[in-house]
Amino acid sequence: MRICHVITRMIVGGAQENTLLSVRGHLEHGHEAVLLTGPTTGPEGKLLQGQKLPNLQVELVEPLVRELQPLKDWQAYGRLKRYFAATAPAVVHTHSSKAGVLARLAATNELGIVIFGRPYTVNDTGLNVGLAEKIARMGVTVIPMDCLDEGELEDRWYNMYWNY
């Protein structure tokens, strides 16, 4: 069975180590494991360096980066979509919030939209006039803002909410 793992980068860290253990287990059980990852940048170090996994296919998805970058995110989505269409994996296993959203949308051929807001407005249908439900009825996947890394949002759009 072909299993594709998708993650933004393979640095030394918890999610990445879990991904590596999953891949190793799949290979040991005779599955075809493919790792789709963005560039491994950062001071944490490169987790795949020195690993002995001869049957692991690693595909670099250059525009798949950790930071929110709409143009690169769109390019990464397109690359993932083309890869999944060409290889037809049985399973797409995602390991980080951004890679997870992009890979799920690419694997299912769905369109998605993120709704920004705080729980006291986004989740209150009286205040948001049922926006999420209306968008979902149009066949578009609604992605809660909670699926995004809030630290990145605050760093990039520090004035997204009221400042007193």
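Glutamate 44 is partly exposed, at 36% relative accessibility. In this predicted model, glutamate 44 forms a salt bridge with arginine 9, with the closest N and O atoms 3.8 Å apart. Glutamate 44 lies in the loop between S2 and strand S3 (57–60) and arginine 9 in the loop between S1 and helix H1 (14–28), so the pair ties together parts that are 35 residues apart in sequence. Arginine 9, for its part, is buried, with a relative accessible area of 13%.

**Salt bridges**

- Three salt bridges are found in a search of the whole structure.
- A salt bridge joins the side chains of arginine 2 and glutamate 32, at 2.3 Å from N to O. Because arginine 2 belongs to strand S1 (residues 2–7) and glutamate 32 to strand S2 (residues 32–37), this pair ties together parts that are 30 residues apart in sequence.
- Arginine 2 counts as buried at 19% relative accessibility, the cut-off for this class being under 20%. Glutamate 32 counts as partly exposed at 29% relative accessibility.
- Lysine 98 and aspartate 73 also meet through their side chains in a salt bridge, with an N to O distance of 2.4 Å. Lysine 98 is part of helix H3 (residues 97–108) and aspartate 73 is part of helix H2 (residues 70–87), so the pair ties together parts that are 25 residues apart in sequence.
- Lysine 98 and aspartate 73 are both buried.

**Sheet architecture**

- Four strands form an open sheet in the order S3-S2-S1-S4, and their pairing is parallel.
- S3 and strand S4 (91–94) are the edge strands, each of which pairs on one side only.
- From one strand to the next, the twist averages 20°.
- S2 and S3 run parallel and are joined by four bridges. Threonine 37 has leucine 60, in S3, as its bridge partner.

**Helix packing on the sheet**

- Helix H1 packs on the sheet and touches S1, S2 and S4. The direction of H1 makes about 170° with that of S1.
- Helix H3 lies across S1 and S4, and runs at about 160° to S4.

- Threonine 19 is located in helix H1.
- The relative accessible area of threonine 19 is 0%, and this residue is therefore buried.
- Leaving aside residues up to four places away in sequence, threonine 19 touches His5, Ile7, Met10, Leu35 and His95.

Methods. Residues numbered from 1 in each chain as written. Predicted model: local features only at pLDDT ≥ 70, side-chain atom pairs only at ≥ 80, totals over all residues. Heavy atoms only, no water. Salt bridge = Lys/Arg side-chain N within 4 Å of Asp/Glu carboxyl O. Helix = DSSP H or I, 4+ residues; strand = E, 2+ residues; numbered from the N terminus. Buried < 20%, exposed > 50% of the residue type's maximum accessible area, 1.4 Å probe, protein only. Contact = heavy atoms within 4.5 Å. Pairing = 2+ DSSP bridges. Axes fitted to C-alpha atoms, helices over the stretch in contact; angles between N-to-C directions.
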